[in-house]
Amino acid sequence: MCAAIGAAYGTAKSGTAISMIALVRPQLVMKSIIPVVMAGIVGIYGLVIAVLIANSVDSPAKGYTLYRGLTHLSGGLATGLSGLAAGYAIGIAGYYGVIGVSKQPKLFVGMILVLIFAEVLGLYGLIVGLMLSTKA
């Protein structure tokens, strides 16, 4: 759920900037949609870990232990909280990046690099979450 909140924030914040520049420079709208796509990917990370954890939860009679439950919880938290942080970073970088690109198109590559580094934070959380949730 936290990853989805981060994805929603990143989409809303970046979408606001896209809406603002669409009035002045409509030719940049499709080029500026990259932050929205990247924020959506963070939400997919949360969905992946949620499906993996939900498919491996059993009843205690079938051997689901407290240790296994705590590793699933920690894997979900690692992915969710890193997704929240990544979505927040993508939203802010996307907002100011899109506005900057509308004023100076040479900033596009720099904006993409900053967005990639923000996205990687969510990917790191997914990797840790996968390692934790499959450990038990």
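Y95 is buried, as its relative accessible area is 16% (buried is under 20%, exposed over 50%, partly exposed in between, with a 1.4 Å probe and protein chains only). The model is predicted, so local features need pLDDT of at least 70 and side-chain atom pairs pLDDT 80 or more, while totals for chains, interfaces and linings use all residues. Residues are numbered from 1 along each chain as its sequence is written, and side-chain values use heavy atoms, without hydrogens and water.

The structure holds 2 aromatic pairs (ring centres of Phe, Tyr or the six-membered ring of Trp within 6.5 Å; planes under 30 degrees apart are stacked, over 60 edge-to-face, the rest tilted). Y9 and Y88 form a stacked pair. This pair links helix α1, which holds Y9, to helix α3, which holds Y88, 79 residues apart (helices are DSSP runs of H or I with at least four residues, numbered from the N terminus). Y9 is partly exposed at 30% relative accessibility, and Y88 is partly exposed at 46%. Y95 and Y96 form an edge-to-face pair; Y96 is exposed, at 54%.

Two rings have a charged end over them (NZ of Lys or CZ of Arg within 6 Å of the ring centre and within 35 degrees of the ring normal):

| Charged residue | Ring | Distance to ring centre |
|---|---|---|
| K13 | Y95 | 4.6 Å |
| K31 | F108 | 4.6 Å |

M1 lies in the segment before α1 (2–24) and is exposed, with 80% relative accessibility.

Definitions and conventions. Helix = DSSP H or I, 4+ residues; strand = E, 2+ residues; numbered from the N terminus.
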